[in-house]
Amino acid sequence: FPVTIVSENVNYDKKKNKIDINVNIEEGRRYYFGDIRFLGNTVYNDQTLNSILRVKKGEVYNGVLLQKRIADNSSPDSEDISNLYQNNGYLFSNINPVETKTENDTIDFEIRITEGPIAYFNNVTVKGNDKTNDKVIYRELKTRPGEKWNKELVIRSIRELGQLGFFDPEAIRPEPKNADPASGTVDLEWSVVEK
């Protein structure tokens, strides 16, 4: 629900060296989730997607929560719809929530899904390792040519490379390149910085 700041004032107390801040707000109207429909999903049924979305009709509307359940960019391990697709080969998937109807205090949504084709790793390369032998790195990688794109395996590979102790863990970067929906392939270039 929208919040409006009606008034605010700031008072400084010189003797105590403190500031009092008073903000008068008006909460506005409270909104609720209405019907939520999935469109374009063929790989996963509505029941599976609903179990991940975990938003029910009649609950207080929370746009931030809805977006996190669709694609939580703050955590690579989150249980969200985008990760469900990304961990099962659907690199080219796109999930977009659209408000379809607002009536009184209720908002209906369509979760529009473009699944796209499954993507497979094509070339997997490493750069930035001057001292460390390539095979030391390649044996830690879970991303192998010919296998399905899997975001979870990319994240696991980052962690396992970091645990070797040879590289700056903050500087390990997997960069998808030449992603081609027509051929269903993607190259992955691993960039590392040696300690």
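Buried here means under 20% relative accessible area, exposed means over 50%, and partly exposed falls in between (1.4 Å probe, protein chains only). The model is predicted, so to speak of local features takes a pLDDT of at least 70 and side-chain atom pairs count only at pLDDT 80 or more, while totals for chains, interfaces and linings use all residues. Residues are numbered from 1 along each chain as its sequence is written, and side-chain values use heavy atoms, with hydrogens and water left out.

Side chains of opposite charge can pair when their charged atoms come close. Seven salt bridges turn up in this structure, each a side-chain nitrogen of Lys or Arg within 4 Å of a carboxyl oxygen of Asp or Glu. One of them joins Arg112 to Glu110, at 2.9 Å from N to O. Glu110 is buried, at 11% relative accessibility, whereas Arg112 is partly exposed at 39%.

Another salt bridge pairs Glu160 with Lys142, with 3.2 Å between the closest N and O atoms. This one links distant parts of the chain, 18 residues apart: Glu160 sits in helix α5 (residues 151–163), and Lys142 in the loop between α4 (134–138) and α5. Helices (H or I, at least four residues) and strands (E, at least two) are DSSP runs, numbered from the N terminus.

Then there is Lys177 with Glu189, whose closest N and O atoms are 3.4 Å apart. Lys177 belongs to strand β7 (residues 173–180) and Glu189 to strand β8 (residues 185–191), so this pair ties together parts twelve residues apart in sequence. Glu189 is buried at 16%, while Lys177 is partly exposed at 31%. Salt bridges with shared partners also join Arg37, Glu110 and Arg112 into one network.
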